[in-house]
Amino acid sequence: MMKIAPTLTSSAAALLEVRDLSVGFAGQEVVHGISFSIAAGEKVALVGESGSGKSVSALSLLRLVPDARIGGQALFEGQDLLSLPERQLRAMRGQDIAMIFQEPMTALNPLMSVGEQIAEVITLKQGLAQTLSAQAAIALLAETGIDEPARRYHAFPHQLSGGQRQRAMIAMALACQPKLLLADEPTTALDVSLRLQILDLLQRLQQQRGMAVLLITHDLNLVRRFADRVIVMERGRIVEQGATTDLFAHPQHPYTQRLLASKPERDVLVTNKPPPQPSPSGGGGKTECTVSGSSGLGDGTAVSAVSAPPVLSARGLRVTYATPLPGWRGWFRRGEFVAVQGVDFSLPAGRTLGVIGESGSGKSTLALAALGLLPCQGDLTVVGQRWGNHRASNLALRRQIQVVFQDPFSSLSPRMTVEEIVGEGLTVHQPSLSTQERRAQVTQALQEVGLGQDDAADDAVASVQSLLGRYPHEFSGGQRQRLAIARALIVAPTLLVLDEPTSALDVTVQKQVLALLQRLQRERGLSYLLITHDVDVISAMAHEVIVMKSGQVVEAGGVDQVLTRPTHPYTRTLVEAAT
Amino acid sequence: MSSLTDPPVAVSAGPWARAWRRFKRNRLGYWSLWLFGLLVVLSLVAELISNDRPLLLRYQGELYVPLLHDYPEKTFGGDFDTATDYLDPFIRQRLNSDGNWAVYALNPYGPKTLNYFAKAPNPSGPTADNWLGTDDRGRDLLAQLIYGFRVSVLFALALTLVGTLLGIVTGAIQGFFGGKTDLAFQRFIEIWGSMPELYLLIIFSAIFAPSLALLLVLLSLFGWMGLSDYVRAEFLRNRQLDYVRAARSLGVSNWHIITRHLLPNSLTPVVTFLPFRMSGAILALTSLDFLGLGVPPGTPSLGELLAQGKNSIDAWWISVFTFAVLVLTLLLLTFMGDALRDALDPRKADQ
């Protein structure tokens with residue numbers, strides 16, 4: 001196609017030049033006039049937290065955002081993508097500019113085999129015959145590192161693993177040798193150990209083909225490894241851009257500085273003796289002590305001095321799910337899927353036990369079993385007691401162990417007010433409280449988790465009380481997670497199960513929430529069972545670590561030992577991916 | 001979110017309040033609700049609007065309330081001990097002479113009133129006396145329509161209420177307990193749902209004396225299954241969400257988990273379907289009446305009027321006006337339903 005922009009001498013080298021791009025929805029502008037350029041063969045990272053407009057900016061370059069008002073210019077090889085007729089733009093999509101998305105499961109058509117989907121693109125864009133494009137698709141699958149590509153050609157998306165799906169997505173995007181690849185959070189939905197592999201793949205393909213890549217991500221580790229240049233966005237504006245090494249070494253804008261400093265800091269008690277702690281009530285005579293010499297515990301951070309019974313201990317823990325059996329046998333019997341097998345651990349008072357593993361490793365199942373929400377075999381005790389079969393007998397125990405879940409949007413009922421949500425534990429465990437007393441405790445719990453302290457000039461209590469009648473949708477992710485913590489804390493538990501408490505949050509918010517959890521542990525002597533896939537979180541929070549893979553513990557020990565001298569190969573990949 | 005820096009408010013708009021705001025933004029649905037509400041209220045006081053008795057009258061210095069009491073004809077100078085026919089020209093003349101007066105309803109006919117003094121043979125077209133004409137027995141069509149609308153709407157309300165309650169309860173039980181309970185219930189629903197509803201209705205209306213209560217029971221028996229499936233699906237989805245798990249780990253009882261957590265979050269399909277269920281119920285009653293299987297004879301009914309219209313096709317006013325009332329009612333309900341669906345769609349912005 002002929003170049004029609006002879007005036008743009010300054011941007012002769014730029015493959016894509018975005019000028020004053022603005023995007024608005026329903027009269028509300030979310031991207032406020034950003035300008036940047038990408039040279040041919042350049043790797044640029046667009047970094048920002050959720051809501052910063054980074055994905056919308058990239059999608060609007062191809063006009064893929066429905067109902068958006070897009071302003072400005074986006075010159076790709078001199079043609080303005082934003083004013084091209086739809087037909088011409090459609091011809092360019094996939095051909096010159098390709099895109100890969102965050103979640104390959106939803107970005108691939110579930111009813112077509114991945115090979116057919118790739119071949120379709122080739123047939124469509126290059127006009128090859130069916131058999132030729134099928135061969136080309138197989139070659140692409142092989143190039144993206146999918147083994148047995150000829151067989152995988154016929155596989156449906158659900159038959160591939162997450163990493164393979166993302167590789168197939170990449171193969172599809174590269175089908176027509178695009179000059180620019182827009183990668184929208186390509187690794188976020190993947191497990192940590194796969195992220196590096198996908199990134200390496202992108203890197204290799206980029207070098208082989210000399211295409212430019214715009215990587216949209218919030219993961220600074222990836223940016224540092226991958227990008228030549230970084231563009232930092234905050235609330236729809238570009239606040240800083242520059243070469244990766246410069247920007248990481250000397251961030252100029254305060255937001256960039258904050259972003260770079262968002263790695264959580266370790267600020268936990270390291271003493272050998274547990275902090276002062278009200279003794280758990282009613283041990284029921286069962287004080288089985290599973291501490292010293294236990295194989296599931298490291299000796300590095302010295303648990304030996306602990307004399308009190310562990311707050312939570314498991315021995316030979318096994319959790320299974322019933323699965324349907326195929327055929328007529330499924331009518332009478334159920335199969336068994338073993339989610340957790342032979343797990344031993346013990347968590348002393350006032351400490352944090354980190355459980356790290358990938359999705360499907362059984363770590364969340366472990367959390368549900370510890371909470372008594374799933375039946376389990378083996379020996380599991382919470383403050384020296386076992387879970388019973390009846391709600392009434394468990395009620396006292398429920399007070400001891402509380403939970404904070406990952407997703408701050410599904411963990412709060414959307415139709416209850418803050419007061420109802422946070423105060424619910426009191427209605428169960430202290431039903432005799434009057435409304436005023438309950439409200440006072442809710443207010444106190446909200447203050448303790450740092451809510452309602454934005455306007456320091458006002459009366460603090462009044463500002464917290466103004467939150468009581470609000471609904472969850474009015475709060476940000478970090479605030480919602482604080483609400484979830486307040487709901488757990490209000491019944492004064494001794495143990496909190498934290499199931500990926502920060503993985504749905506932005507990095508700067510994650511740091512604040514972790515700092516809050518650390519403070520609560522110091523002040524209240526709480527014990528945490530911290531489940532996460534994030535090595536940074538573990539190294540900031542945990543005293544001891546167990547590493548889980550396929551339902552089993554593959555490595556256990558003190559946090560220093562496991563993270564600095566990992567023995568199991570799986571742990572090594574995890575640690576390596578995080579640095 | 002900037003809400004924390006806003007000036008403090010006592011209670012902010014909850015999800016239902018925001019839904020109402022979105023509902024109001026759909027003008028068509030909003031005004032449909034008003035119009036429908038007005039029509040229902042008017043039909044509830046139909047006795048004041050369309051009645052063959054005067055609301056109040058003064059006869060020879062004494063006040064009478066024929067709306068509430070029966071007076072024998074002798075009271076007003078007639079010959080018989082039977083209840084007065086106030087449309088009788090003789091009685092009318094007595095009531096209008098020397099200082100006597102009577103306040104008639106806007107449309108001086110009741111649903112069963114036969115106009116013995118009509119000027120044209122029955123069924124007669126619209127006249128100054130019978131604004132929308134009369135039916136084949138000489139009853140005023142306007143009165144029939146007003147009372148028929150009332151019966152339809154009240155019946156539909158009752159049927160919707162019963163069906164919705166049954167649907168919620170059964171759906172909640174299946175969805176909450178899941179597993180074997182769910183399995184058994186689902187099979188039961190499959191069997192129950194494959195029963196030939198219409199034939200059962202015909203058989204039952206042959207065995208029992210037809211009445212609105214019997215119809216209500218029979219239609220309710222088969223009307224809850226669709227809704228039950230939706231509620232069940234919502235419960236199945238919601239019960240594995242983290243807020244329910246959090247409630248469980250707080251030790252909240254099953255009953256409170258259902259009433260406080262699951263039910264409010266599972267009502268969206270129920271509320272969305274309410275107007276459509278209403279219009280479905282009205283249509284069902286009308287169809288049964290049309291077939292002669294519905295309300296007992298003599299009850300004013302839209303379906304029965306439609307059947308009359310079919311039988312005397314020349315009396316166009318019967319079909320046209322009945323049809324118009326039916327279409328207006330169903331249309332209003334559908335508009336309201338659309339607005340509700342918009343209102344409860346969480347993807348819509350609520351400005």
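Predicted model: local features only at pLDDT ≥ 70, side-chain atom pairs only at ≥ 80, totals over all residues.
Which residues in helix 4 of chain A meet which residues in helix 5 of chain A?

**Chain A overall**

Select chain A and colour by secondary structure: there are 21 helices and 19 strands. Of the 579 residues in this chain, 48% are buried. Among contacts in chain A with a separation of 6 or more, 69% join residues 24 or more positions apart.

**Helices 4 and 5**

Next, select residues 114–126 and 130–143 of chain A, which are helix 4 and helix 5. Their axes come within 8 Å and cross at roughly 120°. The two helices are therefore oblique to each other, and their crossing is right-handed.

Now show the side chains where they touch. From helix 4 of chain A, the residues are Gly115(A), Ile118(A), Ala119(A), Ile122(A) and Thr123(A). They meet Gln130(A), Ser133(A), Ala134(A), Ala136(A), Ala137(A), Ile138(A), Leu140(A) and Leu141(A) in helix 5 of chain A. Coloured by class, this contact shows nine nonpolar and four polar residues, with no charged ones.

**Domains 1 and 2**

Zoom out and colour the assigned domains of chain A. Domain 1 spans 107–177, and domain 2 is made of 287–400 + 493–577. Taken over C-alpha atoms, the centres of these two domains of chain A are 39 Å apart.

**Helix 1**

Select residues 54–61 of chain A. This is helix 1, and it is mostly covered, with eight of its eight residues buried. The buried residues run from Lys54(A), Ser55(A), Val56(A) and Ser57(A) to Ala58(A), Leu59(A), Ser60(A) and Leu61(A). Step just past the helix to Arg63(A), where phi is positive, at about 50°.

Most residues other than glycine have a negative phi.

Go to Gln177(A), which has a positive phi near 50°. It sits in the loop between helix 7 (162–173) and strand 7 (180–184) of chain A. Is Gln177(A) buried, exposed or in between? It has 13 other C-beta atoms within 10 Å, so Gln177(A) is partly exposed.

Then go to Val383(A), whose phi is also positive, near 40°. Its loop lies between strand 14 (377–382) and helix 13 of chain A. Val383(A) has 27 C-beta neighbours inside 10 Å and therefore counts as buried.

**Glu544(A)**

Select Glu544(A), in strand 18 (residues 544–549) of chain A. This residue is buried, with 25 other C-beta atoms within 10 Å; the cut-off for buried is 20 or more.

**The side facing chain B**

Finally, show chain B. How many residues of chain A are in contact with chain B? There are 34, and they contact 27 residues of chain B. The elements of chain A that give two or more residues to this side are helix 13 (391–400), strand 15 (401–404), helix 14 (418–429) and helix 16 (460–465). Colour the side of chain A that touches chain B by class to find 13 nonpolar, eleven polar and ten charged residues.

Note on methods: Residues numbered from 1 in each chain as written. Chains lettered and ligands numbered in written order. Contact = placed C-beta atoms within 7 Å. Helix = DSSP H or I, 4+ residues; strand = E, 2+ residues; numbered from the N terminus. Nonpolar A, V, L, I, M, F, W, Y, C, P; charged D, E, K, R; others polar. Axes fitted to C-alpha atoms, helices over the stretch in contact; angles between N-to-C directions. Parallel < 35°, antiparallel > 145°, perpendicular 65-115°, else oblique. Left-handed = near helix turned anticlockwise from the far one by under 90°. Domains from an automatic or database assignment. Buried ≥ 20, exposed ≤ 12 C-beta atoms within 10 Å, placed from the backbone.
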